[in-house]
Amino acid sequence: MFRSVKQNFEGMLYIFPSFLLFAIFVFYPMVRTGYLSVHMTDFQGNPTNFIGLEHFRYLLEDVNFQQSVKATLLFVLYTVPPTIIIALSLALLANEKVKGIQLFRTLFSSTLGMSVAASSVIWMFMYNPAIGVINRIIAALGGEERQWLLNPDTALIAAAVATVWMNIGFAFLILLGGLQNIDSSLYENAKIAGVSYMYQLRRITIPLLSPTLFFVTTVSLIHAFQTFGQIDILTKGGPMNATTVIVYSIYREAFINYNFGFASAQAVVLFFIVLLVTIVQFAVVERKVHYQ
Amino acid sequence: MSIFRSMVTYILLVIGAVIVMFPIGYAFIISFLSGAQLLQGVLWPDEWSLRNYVTAFEKVPLLRYLWNSFIVSFIVMIGQLLVSSLAAYAFVFLRFWGRDVLFFMTIATMLIPWEATVIPNFLTIQKLGWTNSYLGLTVPFFALAFGIFLLRQHFKTIPFELYEAAQVSGVRHFRFFWYVVLPLSKTSLATLGVYSFLTTWNMYLWPLLVTNDEKVRTVQIGLKQMQTQEMATEWGVVMAAVVIVIMPTLLLLFIGQKQLQKGLMQGAIK
């Protein structure tokens, strides 16, 4: 009995730092966000009066919020599939056993070391209408120069292209690891059987890589819904709210307009969107994953 | 492999590398060009002068920001390693009430996007008087479910007999944890360390919220500040700052790449 009490106490002691911090910085704020979302708040973020689901009712009708949900979904669509496809292609290439391959692996993963702020500043300059490289190339090819970040039709895509570039490093590194885990004897058998590269890709590589693909897709999706830095630097949510993704909208509402209650309601929506995406990923997509 | 196939592979590899590396190389070249040269459309610097770098350090307290980023990343790294390894140890080696529930709760925190809780967290830091301090920039990140999970997966591979033997010979838990478990987990700890340092160094939203003066502001926010102030005229200086900011993490990545990949995979797959 004494032993078990002592064990319990010791276990709690080792867990304590984590759970104290989780309590203060994860569980409490989650509950508090929900609480603030059903209240009006003052400038210090203190709740003043209870208003029930009024914020949420307003969100449903709010054109700006609809726009930010739309921008977020489009942004996810423009970033996640291209990132996975490009990173997978690079990983397949980097998995070939040729001389000097380690150098290419390092280069392909390099964007993992690039911060969102630094990357965004570089891309901002590349998109610069007067002296940026993108318009220069287009002009040299005889195309039409554009104000990439100032035009509502192109701003979101421009931010998405920059983001795909930023995310390639991480997706590449994880996918390459997945490819290296595939038993090489399978490929030798395929070689003896004389199957084509595409057949081998479709029948051996992709199925065996599917747990890794699943992991990368899930992480990338969740990550994409949390986009903030590149929007803050590249477009500040403009032009005409074309790039106001949901986290940017929360930021603006809370920390520029000091409308903490309304911002919290949006944060609650963000939480449920991410939760829903995660559930769908695990309930629907994971069934197609081939575990060995 | 046929010669034709390896030729094609090399060509594709080089194309991929050029595309991926282009923005980084571009920033590097621009950092050696003056404002006037940029307007003229000069593509290659005629001299590799460090003028822009010197100006970057003069225009904003870049050294201060770099130091702040280093301190903050280092503290978060140590904090995460310590807090996560303690929890992971308990989850693997200790029996106590509610262990499985607590583990489930740990995993559940991964479902909560940090951005969804940022408002109360900001208010908490404000009430604690931790804005513009290293405390506010670091302490909220010490407990990391991903870190606990990653280390737990590794600790589980340590033979349980080792633990039983230690118990029999009366070795205390903390000694066993410190002198046996941690040394046996060097690779996982290194992975988590590199991961912590990289993610903290690159953090953007949180430092933007909790710093509003130069004292503890990190270099990422310094970049934003620079880009807003300098925009039209001195892009070369801004790019010099960018190159300075990306250097430490790129180096860390190049050194720790293999390690990071191996370690992250363990957490991802098992």
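Me: In which helix of chain B is the place of Val54(B)?

Reply: Helices are DSSP runs of H or I with at least four residues, and strands are runs of E with at least two, numbered from the N terminus; Val54(B) lies in helix α3 (residues 51-59) of chain B. This is a predicted model, in which local features need pLDDT of at least 70 and side-chain atom pairs count only at pLDDT 80 or more, while totals for chains, interfaces and linings use all residues. Residues are numbered from 1 along each chain as its sequence is written, chains are lettered from A and ligands numbered from 1 in the order in which they are written, and side-chain values use heavy atoms, with hydrogens and water left out.

Me: Does Val54(B) count as buried, partly exposed or exposed?

Reply: Buried means under 20% relative accessible area, exposed means over 50%, and partly exposed is in between, with a 1.4 Å probe and protein chains only. Val54(B) counts as partly exposed because its relative accessibility is 45%, and its C-alpha atom is separated by 9.7 Å from that of Ala241(B), 187 residues apart along the chain.

Me: How many helices and strands does chain B have, and how spread out is the chain?

Reply: Chain B comes to 14 helices and zero strands. The radius of gyration is taken over C-alpha atoms, and the globule rule is 2.2 Å times the number of residues to the power 0.38; chain B has a radius of 23 Å, well over the 18 Å that the rule gives for 270 residues, so it is more spread out than a compact globule. Its C-alpha atoms fill a box of roughly 75 × 65 × 30 Å, taken along the principal axes.
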